[in-house]
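The stops below are given in the order in which they may be selected.

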Amino acid sequence: MNYKPDEATLTAYLYEELSKEEQIKVESYLEAHPEAKQELEDVRSVRKIMGKLEEKEVVTPSFVFEDSATVVVSRGGGSFNNFLRSTMAIAASITLLILTGYFTKMNIGWQESGFQISFDQNTVQPNVGEVSEENIKAWMQDALASNNEHIINKINQVEDETRQLRKNSGKNQLVNYKPDGDVIDEYVSQIKLENRDIILGLMEVATRDQKKYMDDMMADFALFLERQRQNDLNVIETAISQVANNVEDGPDTYRTSEE
Amino acid sequence: MHAESLLDIAMLHADTLIEKARKGDEKALNQLVSLWYKRIFNYVLKYCSDNDAATEISQKTFIAMFRNIAKLKEVDRFKPWLYRIATNFCYEEGRRIKRDKTISLTITNDDNTEHQAEAGEAKGNYFNPEKNFQQLELEQILLSALGELSEDQRTVVIMKEYEGLKFTEIAEALDASENTVKTRLYRGLKSLKEILERKNITKETVYYEL
């Protein structure tokens, strides 16, 4: 037996891809050569151990196939995609800034009075003049005057309000309230009507209740009479049957009972 | 391909979809992506054991798929063809990393193991946090063991063991003969055994620990 299976054949044997005859040949060889058999067993166990390595779950990215030159990989973090995303984000930010500036009519620039950032209208700050004692006094005077005016206005307003309130509050006092005849008449007639309604309702209910009570009583009385009659009849019947019994038993019994 | 899920079944019957995609139907292309993305991602992840790189390579793969699907001659060759694209990107990435010498392919986010386990716990996804931690730890070791294989052996092992490709499909994807593929697989598994023994992972430790 010079047959010695090569590694390819052993692999095929391992994966059970040999023809029947070849398989038998390999098996007989393995029987004859325990070291080869051991080697094959080792390889088998290696396969088993390697089988412990499990599959990894992965998120499939979606590809946008535009043309053969551009393929965009989305989701999954392709470097091109990241670059595109950040570029777009920067561009969008700049656009937003420019648009905001445009809509708010922002203006930045050097004026005579210095560096100026302004919104809406490009107004130049009026030249306020020198900062001297007189000027400051005049400004303070102005400010005080306008402030005083404002305070006086406020005070007047408050006084007016107080007056108004006082007037109104007088009206609402119950003590000061003097009703005229019509109102009283109306009120009284209203109360009268209400009372009448209440009494009418009461009468109605009372009548109904009484009627019911009377009905019940009559019915009860009739029942009572009926029962009385029944009882009387029963008594009479018993008495009669007793008499009948006595008669049947004969005069002796009657006599003894008499004695 | 083991038909384990609806997705797998859908993949097996995607011929008309591929036909449409070849004519540039965007919807069909995206459906193909959703059918295959998880597979390709997991394939690449096992190859380079780095999440970010796997994401990037998977996306590159599908972009390349989109650009070249019109050139695909036979619809039923789609699967090996797609794996071929992914593999080429994997090799490219491997060369780039080797050239840059910044990070090793093999030593990956080992430090993240604990962190990942905590994240899993926090999500409440797992019944047994300790077991889950061990599972994550084991997965890290297995991934790094795969990373120690040569490129050729690694691709074959992943394609056969995890992707369930037929030997003919692997041969086509790698432009090699079936016999070569089988030999590479056998050698790959044998070297894995040695690597795992060095890392103290044997059948016994795995099954007793877990």
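Does Ser49(B) count as buried or exposed? Ser49(B) counts as buried because it has 23 C-beta neighbours inside 10 Å; a residue is buried if 20 or more other C-beta atoms lie within 10 Å of its own, exposed if 12 or fewer, and partly exposed in between, with C-beta atoms placed from the backbone.

Before continuing, note the conventions: this is a predicted model, in which local features need pLDDT of at least 70, side-chain atom pairs count only at pLDDT 80 or more, and totals for chains, interfaces and linings use all residues. Residues are numbered from 1 along each chain as its sequence is written, while chains are lettered from A and ligands numbered from 1 in the order in which they are written.

**Two loops of chain B**

Keep Ser49(B) selected: the residue sits in the loop between H3 and H4 of chain B. Helices (H or I, at least four residues) and strands (E, at least two) are DSSP runs, numbered from the N terminus. The phi of Ser49(B) is near 40°, a positive value in a residue other than glycine.

Next, select Asn200(B), in the loop between H10 and H11 of chain B. Asn200(B) is not a glycine, yet its phi is positive, at about 65°. With 8 C-beta neighbours inside 10 Å, Asn200(B) counts as exposed.

**Chain B as a whole**

Select chain B and colour by secondary structure: there are 11 helices and 0 strands. Of its 210 residues, 40% count as buried. Two residues are in contact if their C-beta atoms, placed from the backbone, lie within 7 Å. Among contacts in chain B between residues at least 6 apart in sequence, 62% join residues at least 24 apart.

**The side of chain B that touches chain A**

Now display both chains: 35 residues of chain B are in contact with 30 residues of chain A. On chain B, helices H3 (26-48), H4 (51-68), H7 (129-148), H10 (178-198) and H11 (203-209) each supply at least two residues of this side. H10(B) gives the most, with 11 residues. By residue class, the side of chain B that touches chain A has 18 nonpolar (Ala, Val, Leu, Ile, Met, Phe, Trp, Tyr, Cys and Pro), 10 charged (Asp, Glu, Lys and Arg) and 7 polar residues (the others, Gly among them).

**A helix of chain A**

Finally, select residues 34-50 of chain A, which form helix H3, with 17 residues. From first C-alpha to last, H3(A) reaches 24 Å, close to the 24 Å expected at 1.5 Å a residue; the expected span is 1.5 Å times one less than the number of residues. Buried residues in H3(A) include Leu40(A), Val43(A), Val46(A), Ile49(A) and Met50(A).
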